[in-house]
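Please read the points below alongside the sequence and the model.

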Amino acid sequence: MDIIVNGTLHSLDLPDDTPLLWALRDGLGITGVKYGCGIAQCGACTIHIDGEAVRSCQVALGDTWGDVTTIEGLSDPDTLHPVQQAWIAHQVAQCGYCQSGQIMQAVDLLSQNPAPTDEDIDQVMSGNLCRCGTYPRIREAIHTAASMMREA
Amino acid sequence: MGKLGTYTRREFLIASVAVAGGVVFGVRTYRANLKNPLTAALGPGEAALTPYVKITADGITIITPRAEMGQGIHTTLASLVAEELDVDLADIAVEHGPPSAAYFNGGVVEEGYPFPATDQSALAEFARAQRDIPAVFLAYQITGGSTSTHDAYEKMRRAGAIARETLKAVAATRTGLPIADLKTQSGAVVLPDGTQLAYTELAADAADVELADAPALRPKSEWRILGKSQDRVDVVAKSTGRAIYASDIRLPGMRFGVIRRSPYPIGTIRCFDATEALAMPGVEAVLDIGTAVVAVATTTWAAMQALDAVTYDWTPPTYPADTEGHFDVIAAALASNRPNSRQRDDGDVEAALTGAATNGAEVIEAEYRVPYLAHTTMEPMSAAALYQNGSLQIWAGTQGPTVARREAAKAAGIEEDAVTITTTLLGGGFGRRGEMDFVQNAAKVAIQMEGTPVLLTYSREDDTSRGPYRPAAIGRFKATVQNGLPVAVDVSTASPSILKGINDRGGSPASIPDIVPDFTISQALWDQPYGIENYRVTAYRSDPLLPVGFWRSVGATQNSFFHECMMDEIALAAGRDPVDMRLDLITDDPSSRVLEAVAEMADWGTTLPEGRARGVAFALVFGAPTAQIVEIEQTPRGIRITHAWVAADVGVALDPRNLDAQLISGVNYGLSAAMGEKITLSNGMVEQSNFHDYLAMRMYQAPPITTRILENAPHIRGAGEPGTPCAAPALANAVFALTGDRIRSLPLGDHVAFD
């Protein structure tokens, strides 16, 4: 099975029904994508397929319909994505385990809605759990990223 | 007593006991007498100046003895060293320390002493001053109880100062200049002519230098780093997917294990049939590890599928099969004549309650209940392990690495010296990663899979429905009210024992005899700074039920709910404003000030629009007085939390922005549990398994939270836990103010609808 992850073509010898989450983590060693629940309830495994946020625990390897981007492929280390810059500016992360998924979801939100209200943010981000309760700073960071991206 | 006086006395006490006890822990002697765990791993030209500072030609590493589980402790502890060492946080690396007695946590021991935090008496101060001594023997290296900061506050600054002065001594020897002429700045010794000698160049000679005197610590007025908000040292890694948790450890040839524990917590496996599972693609082994079954495969997914194909025969549950049965056992303990502790007994409660019949005082009484709770850290439990050539290596996000090493050795049946523990970042802790089960189980797997590295993962379902849990508990009070104030308050509480649970599971640093009272049962109930003439607090320990352990803020999670809802009920009966009445009763100045602060922040007493209401709560918890106000609104979709205000006194605020983050985190953790979290049983099995039925707070439910940090309290304290206990009572009191319904059991969401 061949898939493109972060711009690189990979061949994987795994059953087609293996969720993309585990194909990435255990098959390719791409660990920025996280396991939190396995049933699309927490959002820790959020990645992009063709630029759209999806829960990688729910996509079978054999059904992967496009190019995969994980947090590792969102930006290069010298030029972080504006969402990542905003995350750092607001010091959002605590334990940090959910933040890859939060960031990937936020990037998708801003690609569709460049100026989200608090309510828009709540609606889109409520599928991503954070047990450290970083929600207020996530909200602030998304607003900051939105203005950075609008001004860019 | 001033800070200086306290310090001098403590040093004296430690030195005097050291002579008698054979263990010396002092600033001037600890390099020689407590084995520095870094020394063995050093190469030529490298120096470990204290257990907290390692300098090589490549750079400077600060070793933090506490686990980074989100609370920002790597940053704060590194700041303590950096302040004295004169290095910039951006220029140093920060690592978890290996298991070692040198990294003991004196703060945890102090928290267990039977003196309330407000007690500044000579005896209480004496006990606090001696706290380090038993900790060394017990080799505590525990992260918990919001103790990391005050344990490290002097130790790590002193480590930085010793390292700095040692490097200056090396520079003085090399240059022939007097030490007094040398300065330090940004990782270098600066000569009078401006020449800079980098610490990394001086380090090779530093190991031979013995300082004559312990350098003095810089006064607060000269701080450059401490007291100011710092960027977290892990924030970039955690915003780019590069932070490594235990579940991200990848080793050549690694296999992936998933565990299936008994669906009856505490139960064990009688037998199982793995024939079908072993025939599945990618599945390499199905192991019997005594208490559970572990499938090992080429992916975690294949191992999960394999476990579903195994047929199991589990031993039946040994506890009541349903939730009500558990509360019956706890209620029986409460009704018994066998208190576990009675740490407060002011005045004569019996006489005051009896007298109420004749003196016209109003008597009120009520019973409160809280359910078992899961921790649900975002990262499910995991540990990587490799056993080869007689050595066992374990990578785990553990809150207690020294105990973890002992337990891994025991589980593997090998000597402790053959075990190495590497502490990774923790994907949330909240007490769950103070448990040893995932380390013990990873060790058992590694022994059976000799030569193959295995990453052991708990599924979310296993983690949620097998425990350990925050105990279920019952609180009961009876009070008399006269002339606007309580005259007598009799509070009692009962729950299964956390200490016994942890002790029996091998999580305790030293065996705790059953006879020792479990002060976590009465934590934050007996030591509240209210001056009430007749005031009695009694705690009862029920028979063991489900496995129970530490959960963020421990006993305070239930006891502050009991106590502060009680205060609201008393205020209502007394016809008093709940803030005013508390202020009349509180006898501790920093405590009064946090309550005044939160009332001012929220503009308490202002008239609210129709459909809005507020509740207040106060708690002195882990030494930090904390007050909280929660505002709610009735909406067509249910009750919505519109704002929360929290004020806490931590004595010395080392990093204001991180303290803000910790208080917000604590409040949300508490509000989450108060609204929707519960663990219940039927047919002996836990009914919740994952985030679809264990209802953790989501973003749309998270209110704006305003924080304020005060610095009036006499000791420095941590803030990881103090935000949590007041959340449930403040919310419950707000619901009463809004609806008139006094809800006396959690979660509140079982009784009212939340948006």
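At roughly what angle do the axes of helix α18 and helix α19 of chain B cross? The points below begin with that question; the model is a predicted one.

1. Helix pair in chain B. Helix α18(B) spans residues 556-574 and helix α19(B) spans residues 578-585; their axes cross at roughly 105° and come within 9 Å. Because angles of 65 to 115 degrees count as roughly perpendicular, α18(B) is described as roughly perpendicular to α19(B).

2. Residues of that contact. On the α18(B) side, the contact is made by M567(B), D568(B), A571(B) and A574(B), and these meet P578(B), M581(B) and R582(B) of α19(B). By class, the contact of α18(B) with α19(B) comprises five nonpolar residues and two charged ones, with no polar residue.

3. A four-stranded sheet. Chain B contains an open sheet whose strands follow the order β22-β23-β24-β27, and its pairing is mixed. The edges are formed by β22(B), residues 612-621, and β27(B), residues 705-710, each of which pairs on one side only. From one strand to the next, the twist averages 15°.

4. Pairing at β27(B). Strand β24(B), residues 638-649, pairs with β27(B) in the parallel sense, and six bridges join the two. One point to locate in the model is A648(B), whose bridge partner in β27(B) is I709(B).

5. The largest nonpolar core. This core has 266 residues, and the members that touch the most others are A385(B) and I394(B). Helix α7(B), residues 148-175, gives the most to the core, contributing eleven residues.

6. Surroundings of I394(B). Which residues are in contact with I394(B), once its neighbours within four places in sequence are left aside? They are A383(B), A385(B), A408(B), V419(B), T420(B), I421(B), V439(B), A442(B) and A443(B).

7. Contact between the chains. Chain B supplies 50 residues to the contact and chain A supplies 44. On the side of chain B that touches chain A, the elements giving two or more residues are α9 (235-239), α11 (300-309) and α21 (656-676) of chain B. Of the elements on this side, α21(B) gives the most, with six residues. The side of chain B that touches chain A divides by class into 22 nonpolar, 17 polar and eleven charged residues.

Definitions and conventions:
Residues are numbered from 1 along each chain as its sequence is written. Chains are lettered from A and ligands numbered from 1 in the order in which they are written. This is a predicted model: local features need pLDDT of at least 70, side-chain atom pairs count only at pLDDT 80 or more; totals for chains, interfaces and linings use all residues. Axes are lines fitted to C-alpha atoms, for helices over the stretch in contact, and angles run from 0 to 180 degrees between N-to-C directions. Angles under 35 degrees count as roughly parallel, over 145 as roughly antiparallel, 65 to 115 as roughly perpendicular and the rest as oblique. Two residues are in contact if their C-beta atoms, placed from the backbone, lie within 7 Å. Ala, Val, Leu, Ile, Met, Phe, Trp, Tyr, Cys and Pro count as nonpolar, Asp, Glu, Lys and Arg as charged, and the others, Gly among them, as polar. Two strands pair if DSSP finds at least two bridges between them. A nonpolar core is a set of buried Ala, Val, Leu, Ile, Met, Phe, Trp, Tyr and Cys residues joined through C-beta atoms within 7 Å. A residue is buried if 20 or more other C-beta atoms lie within 10 Å of its own, exposed if 12 or fewer, and partly exposed in between; C-beta atoms are placed from the backbone.
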